[in-house]
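Open the structure and keep the sequence beside it. We will walk through it piece by piece.

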Amino acid sequence: MPLYREATSEALIVEDPWLRLADDAAVPADGMVLVSFARWREARAALLARRGPVGVALANTDPVEALAPDVSRLDLVTLHFPKFSDGRAYSQARLLRGRFAYQGELRATGGVLQDQAAFMLRCGFDAFESEQKGFGEALAKARTLFSIVYQPAEDGRAPASLLRLKRRNVLVS
Amino acid sequence: MPDTHFYRYDDYDRSLVSERVDQFRDQVRRRLAGELTEEQFKPLRLHNGLYLQLHAYMLRIAIPYGTLSSRQLRKLADISRKYDRGYGHFTTRQNLQLNWIKLEDAPDALAALAEVDMHALQTSGNCIRNVTADHFAGAAVDEIEDPRIWAEIVRQWSTLHPEFTFLPRKFKIAITGSPNDRAAVRVHDIGLRLWRNAEGEVGFEVIVGGGLGRTPMIGKTLREFLPKNELLAYLEATLRVYNRYGRRDNLYKARIKILVHEVGVEKMRADVEAEYAETRDGLLGLDNETIEAIARQFAPPELPPRPERVSAVEALKLVDRDFALWLKSNVAPHRVKGYAIVTASLKPAGAPPGDASAVQMEGMADIAEAFSQAELRVSHEQNLILPHVAVEDLPTVYVALGRLGFAEANVGKITDIIACPGLDYCALANARSIPVAQQISNHFASLARQHDIGDLKIKISGCINACGHHHVGHIGILGVDKNGVELYQISLGGDVDFGKTALGTILGPAVTADKVVDAVDSLVGTYLDTRAAGERFVDTFRRIGAEPFKDRMYAAL
């Protein structure tokens with residue numbers, strides 16, 4: 001599955017350095033491992049005691065709040081779209097980024113299509129697994145598709161209401 | 001004089017809408033080139049208002065809070081002529097539907113809309129839909145505050161909201177600023193009612209989980225009083241709870257009303273308040289300057305003083321009985337003395353409810369320009385409103401509306417029927433709605449008789465999805481299909497008036513299409529024979545119950 005990350009001018013396909021660990025597989029002593037939420041719950045202490053980075057793959061029904069105390073110890077969280085039309089992971093993403101201040105890689109998996117890329121970026125995703133042809137090109141353009149946004153989200157863009165306030169204040173002064 | 005007395009787009013709004021047209025043009029191109037499957041394309045076109053109906057694509061154009069300028073209505077007429085068959089259908093959600101759009105023309109139609117600061121964004125799909133509001137807003141005598149200010153604030157916040165574009169199901173918000181609710185706030189996913197508390201502050205009662213469809217429910221109060229500047233943060237908290245926990249396993253159980261019903265309103269409230277506690281101090285708090293800047297755009301027009309009592313009007317009343325009836329049913333008091341709110345009935349006898357031709361739309365635009373500050377409203381009862389007409393001009397407006405066929409004195413009466421498009425257009429319908437409405441309308445065409453019968457709301461849906469709101473009709477008619485035969489189930493006693501909101505009681509077995517008029521006639525007969533002085537149809541029903549109506553109706557069939 002091609003993995004995309006945003007680069008400065010274009011979206012790049014990158015190698016995925018993470019090892020996706022099956023729930024019954026032994027945990028390697030080092031290296032980057034991605035575990036399920038169930039495995040994380042069961043072996044949290046052992047996983048954190050390892051030398052290598054750890055990531056957690058959440059289903060869209062897993063309680064994202066459970067990761068809150070550990071966000072600074074995680075390097076990857078994957079959020080899953082079972083279908084592109086199932087939007088629960090957008091809320092999980094915003095909570096991770098906005099409320100729990102998670103700084104690591106936030107990856108979208110599953111039904112990841114180019115026409116959703118702009119929404120995903122706004123919710124704080126920064127990596128995408130997509131099989132869709134043309135996804136990389138679309139991702140590169142997704143931040144500039146709309147020059148205006150109407151609501152604050154996790155991409156730091158100032159919504160139109162704030163720009164208007166600034167403009168009025170500038171005009172007044 | 002500015003073009004409008006409601007929200008005017010600035011360069012930000014215009015950029016967004018025009019960039020959206022460009023994006024959709026590219027999506028249509030990819031669909032036509034086979035790069036997108038229909039499954040992938042479907043939500044994209046739905047988010048731009050494009051449905052696939054029985055015979056063709058249908059474009060549902062947003063008319064936010066039902067407010068239109070003459071210029072905008074002329075453009076709608078143009079678009080209907082150029083890209084459709086020269087007519088459109090005003091809907092119960094204050095939108096306009098064009099029923100014969102070609103996919104390859106849709107981007108051009110949207111670009112034409114953008115020229116007059118309009119769009120078809122989020123008029124379908126599982127997102128926050130076009131926000132509706134009281135159609136008398138800004139003109140009503142009983143108004144506490146213009147609900148459109150808040151509808152516009154919600155419109156902007158909900159437009160292309162990155163978190164809430166793939167909700168479990170569609171999400172409808174309605175706002176009223178008057179104690180007499182004309183926006184049906186108890187039958188929406190979220191209803192907002194502005195009211196003044198004991199301290200004299202104005203805030204929102206937030207109502208959640210109402211709705212019609214196959215599982216009709218009356219909304220419950222989530223928050224008794226919400227300070228106005230907290231509106232968006234509170235809505236975001238509510239939508240987040242719904243997005244995370246609303247059911248997605250069954251299309252028919254995915255609306256927020258099912259979530260509220262299953263977890264109970266107390267648990268829903270606790271979840272929303274817990275979420276809200278985390279978000280309330282965030283960036284969604286509304287500062288006064290932002291609210292006031294939007295409120296200024298809705299500042300009422302300066303209406304020059306005009307006489308309250310006009311002898312010509314009084315004289316015409318005496319000689320023209322239809323005009324007198326029209327004043328009673330189609331003209332409502334205005335907050336400014338010397339003015340009135342006029343409802344143009346899009347239900348002339350025998351016509352499909354809510355339809356208007358391009359010529360009629362242009363005619364309405366002209367009348368509004370000459371007599372109503374170039375402003376119109378679409379009501380959820382599928383009529384057009386002229387919000388600011390001088391009493392002195394009423395005779396002229398009456399004649400002008402009459403030329404268009406829109407001066408029928410039947411607003412709120414038995415022929416002011418709400419009906420969905422039904423099997424004539426809709427892929428979901430089980431039965432036809434429009435022909436049934438037309439038959440009833442023809443049968444009760446006499447204005448004197450209609451006024452004798454008084455206020456009576458008939459609402460007709462062609463299937464269980466209830467787009468014709470049959471659950472809340474005084475008489476509700478639901479089309480069902482039984483082994484390929486169209487049958488109609490009749491219910492009584494539904495109501496959307498605030499404080500009296502009720503769902504209708506089904507009378508008994510469904511009747512065949514040719515018996516619907518007889519059935520309605522019998523129900524009316526029972527009412528006329530039984531009513532106490534001053535009682536409306538629905539009042540009599542509440543007093544005597546369903547049995548007398550039912551017995552006589554089935555005996556007559």
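Predicted model: local features only at pLDDT ≥ 70, side-chain atom pairs only at ≥ 80, totals over all residues.

Residues are numbered from 1 along each chain as its sequence is written, while chains are lettered from A and ligands numbered from 1 in the order in which they are written.

Start where the chains meet. Chain A gives 26 residues to the contact and chain B gives 29 residues. Two residues are in contact if their C-beta atoms, placed from the backbone, lie within 7 Å. On the side of chain A that touches chain B, α2 (88-99), α3 (117-123) and α5 (160-172) of chain A each supply at least two residues. Helices (H or I, at least four residues) and strands (E, at least two) are DSSP runs, numbered from the N terminus. That side of chain A has 13 nonpolar, six polar and seven charged residues. Here Ala, Val, Leu, Ile, Met, Phe, Trp, Tyr, Cys and Pro count as nonpolar, Asp, Glu, Lys and Arg as charged, and the others, Gly among them, as polar.

Now look at the sheets of chain B. One open sheet has five strands in the order β1-β2-β5-β4-β13 (chain B), with antiparallel pairing. Two strands pair if DSSP finds at least two bridges between them. Its edge strands, β1 (50-52) and β13 (355-357) of chain B, each pair on one side only. Within the sheet, β4 (residues 87-90) and β5 (residues 96-101) of chain B are joined by two bridges. Phe90(B) has Leu96(B) in β5(B) as its bridge partner. Helix α3 (residues 70-83) of chain B lies across β2 (57-61), β4 and β5 of chain B, at about 15° to β5(B). Axes are lines fitted to C-alpha atoms, for helices over the stretch in contact, and angles run from 0 to 180 degrees between N-to-C directions.

Another open sheet of five strands runs β6-β7-β8-β9-β10 (chain B), and its pairing is mixed. Seven bridges link β8 (residues 190-196) and β9 (residues 202-208) of chain B in the antiparallel sense. There, Ile190(B) stands opposite Val208(B) in β9(B).

Next, find strand β14 (residues 375-378) of chain B. What covers its two faces? Glu375(B) and Arg377(B) on one side and Leu376(B) and Val378(B) on the other are all buried. A residue is buried if 20 or more other C-beta atoms, placed from the backbone, lie within 10 Å of its own. β14(B) pairs antiparallel with β3 (residues 67-69) of chain B over three bridges. β14(B) and β15(B) form a hairpin with five residues between them, and Gln382(B) in the turn has a positive phi of about 70°.

Gly473(B) sits in the loop between β17 (458-461) and β18 (475-482) of chain B. Is Gly473(B) buried or exposed? Gly473(B) is buried, because 27 other C-beta atoms lie within 10 Å. Gly504(B) is 31 residues away in sequence, yet 7.0 Å away in space, C-alpha to C-alpha.

Finish with two helices. Helices α16 (residues 516-530) and α18 (residues 547-556) of chain B pack at about 135°, with their axes 9 Å apart. So α16(B) is oblique to α18(B), being neither under 35 degrees (roughly parallel), over 145 (roughly antiparallel) nor 65 to 115 (roughly perpendicular).

Technical notes:
Buried ≥ 20, exposed ≤ 12 C-beta atoms within 10 Å, placed from the backbone.
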